[in-house]
Amino acid sequence: SNGARLRHRQTIMRCSRRLSGKLMTHFTDASALALLASYWGKADPTAASCGPDHHTVFGHSLDVAACAFVLVDRNPPLRAQLAACTGIAVDAVALTFASASALHDVGKLDTRFQRKAPVIADALRPHTAGILQGKYDHGTEGFRQIEDDKAATAHLHALLGPRALSILRAVCGHHGALPSRDEPDPSRSNLPGSIRREDAEARRVFQQCVVEFFVSRGAVLPWPSEVDGTLVQRLGGLCAIADWLGSNVDQFPYAPGPLFDLETYWARACERAVEGCARAGLLRATPAAVDFGGLFPDYTPRDVQTLTEQVVLDTPALVIVEAEMGKGKTEAALSMAARFLARGIGEGVTVALPTMATSNAMFGRVEEMAPRLFPSGDVQLALAHGRASRQPRFQALVQRGLRARDLDAPEASVTCARWLLNKKRILLAQIGVGTIDQALQAALVVRHQFVRMFGLSRNVVIVDEVHAYDAYMEVLLEHLLGWLGALGVPVILLS
């Protein structure tokens with residue numbers, strides 16, 4: 001009714017006057033939380049009423065932040081890696097990256113996005129009922145709306161520091177592509193000025209609430225370090241993965257209405273995030289400090305293996321091994337990778353080969369070794385190429401992952417979670433074997449490139465038969481090696 005619309009508008013204006021021109025002092029401000037509750041973030045577009053069929057932007061953002069927090073906090077080598085590259089204390093780095101990830105859907109606080117579920121939008125904000133649904137990319141537009149608005153940019157800088165736009169750009173690219181700097185979407189002008197101001201105020205309040213909540217829990221903001229390309233790769237990849245997990249409505253059910261008890265909601269979101277990460281195969285096993293004999297008990301080092309065992313591997317490095325066929329380069333490389341992992345330099349291993357046939361052959365050898373390298377828990381092993389679904393040995397691992405326990409190997413189980421089988425996510429496995437093109441996509445301008453780079457950045461990367469690649473692939477490999485070097489990833493090249 002007109003009366004309801006008027007009361008709603010008056011509530012928003014009171015909230016705007018209270019919050020404009022100053023920073024909020026309490027993230028639990030009831031009027032701010034009520035304002036945020038009028039914007040949905042996840043919804044069933046076919047819903048016939050505004051019931052339990054939607055989730056607020058704020059609630060969904062906390063779900064995604066909880067997934068990012070768990071991914072970092074439950075994987076100590078990743079936590080140490082992110083702390084080292086940012087200068088943030090190890091005990092605060094997970095919350096800090098989670099706080100940035102929570103801002104990824106700021107573009108959903110826009111009436112154009114809200115109209116994608118008109119029934120729910122009509123109930124939450126009745127005064128927008130006459131606005132038609134149109135095309136709208138909430139990732140790109142969320143970034144542009146702040147970049148193009150001096151006041152919004154200044155406010156974000158006050159919260160996140162001078163590199164705020166780079167941080168926001170990384171998380172707003174969570175659907176596969178970092179926002180470009182093209183001209184703003186002209187459809188923005190189709191909204192009445194009063195509606196645009198409401199949306200802008202909601203975005204400002206949302207950012208303020210997110211930052212204050214996470215700072216109160218120990219996040220380090222404003223961001224204390226430079227934000228370079230490697231950090232954008234890490235943050236973009238982490239946020240995209242967290243958004244996939246946090247968007248699972250079975251794991252994170254709809255919760256309409258204001259989130260007045262944020263502490264309780266956050267604790268429950270973290271519990272759900274642990275369950276979701278475990279199901280997806282993203283909680284990594286701890287590698288053992290195993291020598292060559294423990295890794296390959298059937299024989300002692302010989303030929304090139306004797307030489308590589310003498311190499312000191314206490315920092316990330318590029319190791320090039322040249323030897324004739326049959327001299328044991330593969331075992332030498334895997335043993336060196338194990339020594340890197342034992343020093344906390346990486347969490348897993350990725351092996352890239354020139355063909356599907358060589359990948360299949362290597363997969364069997366790596367599968368036999370994996371339980372000796374990770375004897376204390378389940379480890380995810382993936383085969384990454386276009387016909388992996390036809391490889392019987394790999395499919396046996398996928399089926400094993402569906403069972404709660406591997407009866408054939410009670411001490412340690414090598415599996416592959418179904419969640420990892422998507423081509424965009426396959427490089428997130430703790431151990432990966434595949435064709436070189438899978439790794440090279442991390443260095444190309446393709447969708448979700450930063451997810452692939454994030455996966456590689458956590459592993460020791462072994463590239464076999466380097467001599468087999470043509471000039472074009474060599475250029476791509478050089479580009480990939482440049483990125484891996486900047487990210488501090490140990491790489492072993494075999495020829």
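## Helix H20 and the spaces around it

The buried residues of H20 are covered by elements that include helix H4 (76–86), H12, E4, H19, E8 and H21. The model described here is predicted. In H20, the buried residues are Gln449, Phe450, Val451, Arg452, Met453, Phe454, Gly455, Leu456 and Ser457. Because nine of the nine residues of H20 are buried, the helix is largely enclosed by the rest of the structure.

The setting is a protein chain with 21 helices and nine strands. The chain has 495 residues, of which 57% count as buried. Among contacts in the chain with a separation of 6 or more, 78% are between residues 24 or more positions apart.

**H12 against H20**

One of the elements covering H20 is H12. The two helices, H12 and H20, pack with their axes 8 Å apart and at an angle of about 105°. An angle of 65 to 115 degrees counts as roughly perpendicular, and H12 and H20 are therefore roughly perpendicular to each other. On the H12 side, the contact is made by Gln233, Arg234, Gly236, Gly237, Leu238, Ala240, Ile241 and Trp244. On the H20 side, Gln449, Phe450, Val451, Met453 and Phe454 take part. By class, the residues of this contact between H12 and H20 are eight nonpolar, four polar and one charged.

The peptide bond from leucine 221 to proline 222 is cis, and its omega is near 5°.

Histidine 448 lies in the loop between helix H19 (436–440) and helix H20 (449–457). Its phi is near 60°, a positive value in a residue other than glycine. Is histidine 448 buried or exposed? Buried means under 20% relative accessible area, and histidine 448 is buried because its relative accessible area is 5%.

A positive phi is also found at glutamate 465, with a value of about 55°, although this residue is not a glycine. Glutamate 465 belongs to the loop between strand E8 (459–463) and helix H21 (471–486). Glutamate 465 has a relative accessible area of 27% and is therefore partly exposed.

**The second largest pocket**

Which helix gives the most to the lining of the second largest pocket? H17 does, with four residues. By class, the lining of the second largest pocket has seven charged, six polar and six nonpolar residues.

**Cavities**

Three cavities of 30 Å³ or more are found in a search of the whole structure. The volumes of two of them are listed here.

| Cavity | Volume |
|---|---|
| Largest cavity | about 60 Å³ |
| Second largest cavity | about 40 Å³ |

The largest cavity is lined by Thr350, Val351, Ala352, Ala384, Ile426, Leu427, Gly432, Val433, Gly434, Thr435, Gln438 and Ala439. Strand E4 (348–353), strand E7 (431–435) and H19 are the elements that give two or more residues to this lining. E7 gives the most to the lining of the largest cavity, with four residues. The lining of the largest cavity has seven nonpolar and five polar residues, and no charged residues.

The residues that line the second largest cavity are Thr330, Ala333, Leu334, Val351, Met362, Ile462, Asp464 and Leu494. H16 gives the most to the lining of the second largest cavity, with three residues. By class, the lining of the second largest cavity divides into six nonpolar, one polar and one charged.

Some residues occur in two of these linings. Val351 lines the largest cavity and also the second largest cavity.

Technical notes:
Residues numbered from 1 in each chain as written. Predicted model: local features only at pLDDT ≥ 70, side-chain atom pairs only at ≥ 80, totals over all residues. Heavy atoms only, no water. Buried < 20%, exposed > 50% of the residue type's maximum accessible area, 1.4 Å probe, protein only. Nonpolar A, V, L, I, M, F, W, Y, C, P; charged D, E, K, R; others polar. Axes fitted to C-alpha atoms, helices over the stretch in contact; angles between N-to-C directions. Parallel < 35°, antiparallel > 145°, perpendicular 65-115°, else oblique. Contact = heavy atoms within 4.5 Å. 1 Å grid on protein atoms, 1.4 Å probe; cavity = no way out; pocket = protein on both sides within 12 Å on 5 of 7 lines; lining within 4 Å. Points joined across faces, edges and corners; volume = space filled by probe spheres on them.
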